[in-house]
Amino acid sequence: MNVTETLSQGLKREFQVVLNAADLKSRLDDGLQGLQGKARINGFRPGKVPVAHLRRLYGRSVMSDVLQNAVNEANQKIVTDNGLKLAFEPQIRFPENKDEIEAAMEAKGDLAFTVALEVLPKIELADLSDVSLTKPVAEVPDADVDAALERMAGQNRTYSNKGEKAKAASGDRLMISFVGTLEGKPFDGGTGEGIPLDLGAGQFIPGFEEQLEGAKAGETRTVKVTFPENYTATHLAGKPAEFEVTVTEVQAPEPVKIDDELAKAFGMESLDALKTAIREQIGRDFGEQSRRKLKKSLLDALDAKYTFELPPTLVEQEFASVWSHVEVDMKEAKKSFEDEGTTEEAAKADYRKIAERRVRLGLVLAEIGEKAKVQISDDEVTKALVERARQFPGQEKQVWEFYQKNPQALAEIRAPIFEEKVVDHLLEQVKVEDQSVTREALYADEEADETAEAKPKKAAKKAKKADAKGEDKADDASA
């Protein structure tokens, strides 16, 4: 096997591999001799089938295995001898000349093929001793606890019958039955009986609740609405419908009581205990937001420290992922780039920068994690997998089995754990100073932070989904 480098341009490499006919014949003979002891063919005793006969029967199949093994061997030799880290699996190009291929299959001619590679850049780790970060920290306001109590009390609110002649008003609860029709015909999911409806809560499609205001118990009204264009049931999206709605009861809300009884309804022994639990939960939410902002600042600092060539294919794949989200969002919103004050070309340029940033940070974090010997335990992966499975109630077993059987999917579970560990490692190397801020300041500019890679155009708003995932997904290259 002769291997010759034919291209070294940036992160692209190409090698020509030549397998001479004698080598191919030797490998083929070895394969056939190995098959000789296993083959069971009528008319021959076990282990006594002539090699020539085996070659006529299985020669091409064995040679296919020979070539596959030779390709794998060549790939390994190229990577090992040149100390390369691959960005992608090698691309193999065999000769287009069919006669050359046939000659090689018969071990009567040399086979030359090309191995095209895209390698990862060599990254020299930067000195972070001059990096200073500010971590925003907010105390939980009493008003937030009180607001949460009000919401919980509202969820636990009781209602009482207003009487037969009472008119329904916003805030009342109606018990209704209805039959919906499209073009005069009932449709699946358009019928309901004994359904509670809180007027003003926005539970039903737009326009439905408003038409029931002022209704009395026993009254029937025809409600005309149009399903939203982005309605989840696509067969109904954008279509006008009519509902014959009968109000069976009008109920008025009882005054909200925030006391020990409310706490007990939520499994707490006292109102003070409930307040403590609420404050702790809000505190955890604040802590997660504080961590997100600190991490964003750290990634910004890393991005400013590193400049190197990026693997083109990695960038293209990341851009394709980002852009697919943008297109879906634009389609759902029924908007054009002109509506957003930009052009498709300008928007693509912005999102390409986001993709480049993700790839660059992913490679940097991977290198830092490798040098720091960051490890992920099986227990950590199991815990994360359990949390993922819990997101699909009733399907936990199927989700668990899916990840166990798919190494690539399981790598997507491991990657965020790896990233957070690397971030923790980096935060120990930089200066971090706590800064007291208000709740409003803690959450201010959240969307702007997530879309900082795109210039401040209206179109950048679409990056929210893409880049909110991007900052937590800079690990893609490290998976």
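**Close-up views of a predicted model**

Of the 479 residues in the chain, 37% are buried (under 20% relative accessible area, with exposed being over 50% and partly exposed in between; 1.4 Å probe, protein chains only). The model is predicted, so local features need pLDDT of at least 70 and side-chain atom pairs count only at pLDDT 80 or more, while totals for chains, interfaces and linings use all residues. Residues are numbered from 1 along each chain as its sequence is written, and side-chain values use heavy atoms, with hydrogens and water left out.

**View 1. Overall chain.** The secondary structure comprises 14 helices and 11 strands (DSSP runs numbered from the N terminus: helices are H or I of at least four residues, strands are E of at least two). Among contacts (heavy atoms within 4.5 Å) in the chain with a separation of 6 or more, 71% are between residues 24 or more positions apart.

**View 2. Packing of helices α7 and α8.** Helix α7 spans residues 312-333, and its axis lies 8 Å from that of α8 at an angle of about 130 degrees (axes are lines fitted to C-alpha atoms, for helices over the stretch in contact; angles run from 0 to 180 degrees between N-to-C directions). The pair is therefore oblique (under 35 degrees is roughly parallel, over 145 roughly antiparallel, 65 to 115 roughly perpendicular, and the rest oblique).

**View 3. Surroundings of R360.** R360 belongs to helix α8, residues 344-371. Its relative accessibility is 16%, so R360 counts as buried. Beyond residues up to four places away in sequence, R360 touches D303, Y306, F308 and L310.

**View 4. Surroundings of R388.** R388 sits in helix α9, residues 378-390. With 26% relative accessibility, R388 counts as partly exposed. Apart from neighbours within four places in sequence, R388 contacts V399, Y403 and I413. Its side chain makes a polar contact of 2.6 Å with the side chain of Y403 (a pair of N or O atoms within 3.5 Å; within protein, one must be able to donate a hydrogen and the other to accept it, and residues adjacent in sequence count only if both atoms are side-chain atoms). The C-alpha atoms of R388 and W400 are separated by 8.5 Å, the two residues being 12 apart along the chain.
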